[in-house]
Amino acid sequence: MRWPLVALFFGITLDCTIAQESSSQIKSDEPAPSMDDSKAWNARRVAECEAHEFVQLSPEGAVPIKFEKASLLNWSNPIRNAPAGAVFVWTIEGRPQLIASTYPYKDGIEQELTSLSDRPLVLNQGKSGEHRFTPGIEWKEMPNVEPPHKQRTLRLVQMRRMAERFQLTISGNNTFVARLLTQPIYRTSADDKVDSAIFAFVQGTDPEAVLLIEALETNAWRYAIARMTMVRVAVDLDNQRVLNIPWFETNSLNDEPFHKIQYKGHK
């Protein structure tokens, strides 16, 4: 179903301001929540994400983006003193279009939103206006790889082997090589038209960047990288530099593929 863009933007207001801090800074001094507290905490993060209204701008018009309610990854980062965080995704026909990492920050909650789309996206922020995401990824053909296997389980093995060929170096206040989580944090279902997966590169279990891998009908594979941090990300494939993502300047948060929101007073 195609909805006109203007028809989607109504009535949702968010108590939020644009964040000015780098994600390389300490996020929270709060202790890790208990199991019961974690369920309630995640439910509040789901409610915040559900309040967002996203559309993809395509030649056919404005296409609504579906919010997937289950957290893809519940994470922590002792290095940044972040006791809890969660990752959510929005999709179109199963294919990921936008990803968010949300966590405690000072006197509230912060979200880092990243476009995973090769088309523009628009977020309605109620009284705060709208944010237009420029395309967040550029697809590239995956070199030196066998064609996608006919069996879904064996395609996953292929995806994992491809992900292992990447190395991501994160350079903020400190420089480190992000750790690859060996299982994808998201994969389209067997009923979807494409087979696409998201792999996370993390510090602790805090995602710094994500790798998208997708099987094509042309018997080839393609990949794309998207940041989930404001600091520099260097991407190597088979020990060869394929991408440099520069430091994200805080004064350029409008009309960009990366966006930060703070919810003051939210717990």
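Trainee: Where is Ala 43 placed?

Mentor: Ala 43 sits in helix α2, residues 35-50. Helices (H or I, at least four residues) and strands (E, at least two) are DSSP runs, numbered from the N terminus. The model is predicted: local features need pLDDT of at least 70, side-chain atom pairs count only at pLDDT 80 or more, and totals for chains, interfaces and linings use all residues. Residues are numbered from 1 along each chain as its sequence is written, and side-chain values use heavy atoms, with hydrogens and water left out.

Trainee: Why is Ala 43 called partly exposed?

Mentor: Its relative accessibility is 46%. Buried means under 20% relative accessible area, exposed means over 50%, and partly exposed lies in between (1.4 Å probe, protein chains only). Ala 43 therefore counts as partly exposed. In space, Ala 43 is 9.9 Å from Ser 71, C-alpha to C-alpha. In sequence the two are 28 residues apart.

Trainee: What makes Ser 58 count as buried?

Mentor: Its relative accessibility of 12% does, so Ser 58 falls in the buried class. Ser 58 belongs to strand β2, residues 53-58.

Trainee: Which residues is Ser 58 in contact with, leaving aside neighbours within four places in sequence?

Mentor: Val 63 and Arg 119. Contact means heavy atoms within 4.5 Å. The side chain of Ser 58 also reaches the backbone oxygen of Gly 61, at 2.9 Å.

Trainee: What share of the chain's residues count as buried?

Mentor: 53% of the 267 residues. The chain holds 3 helices and 20 strands. Take contacts between residues at least 6 apart in sequence: 60% of them join residues at least 24 apart.

Trainee: How many salt bridges does the rule give?

Mentor: 16. A salt bridge is a side-chain nitrogen of Lys or Arg within 4 Å of a carboxyl oxygen of Asp or Glu. Side chains of opposite charge can pair when their charged atoms come close.

Trainee: How do you know that Lys 193 and Glu 93 meet in a salt bridge?

Mentor: Their N to O distance is 4.0 Å, and the pair counts. Lys 193 lies in the loop between β14 (186-187) and β15 (195-203), and Glu 93 in the loop between β5 (82-92) and β6 (95-105). That links distant parts of the chain, 100 residues apart. At 71%, Lys 193 is exposed. At 57%, Glu 93 is exposed.

Trainee: Are Lys 260 and Glu 110 buried or exposed?

Mentor: Both are buried. Their side chains meet in a salt bridge at 3.2 Å, N to O. Lys 260 is in strand β20 (residues 258-264) and Glu 110 in strand β7 (residues 108-115), 150 residues apart.

Trainee: What is the distance between the closest N and O atoms of Arg 222 and Glu 214?

Mentor: 2.8 Å, and the two form a salt bridge. Glu 214 has 1% relative accessibility, so Glu 214 counts as buried. Elsewhere, a network of salt bridges links Arg 152, Arg 155, Arg 187 and Asp 195.

Trainee: What is phi of Lys 106?

Mentor: Near 50°, a positive value in a residue other than glycine. Lys 106 is in the loop between β6 and β7. Its relative accessible area is 55%, so Lys 106 is exposed.

Trainee: Why does Asp 238 count as partly exposed?

Mentor: Its relative accessibility is 33%, which means Asp 238 is partly exposed. Asp 238 is in the loop between β18 (232-237) and β19 (240-245). Its phi is near 55°, a positive value in a residue other than glycine.

Note on methods:
Polar contact = N/O pair within 3.5 Å; in protein donor to acceptor, adjacent residues only side chain to side chain.
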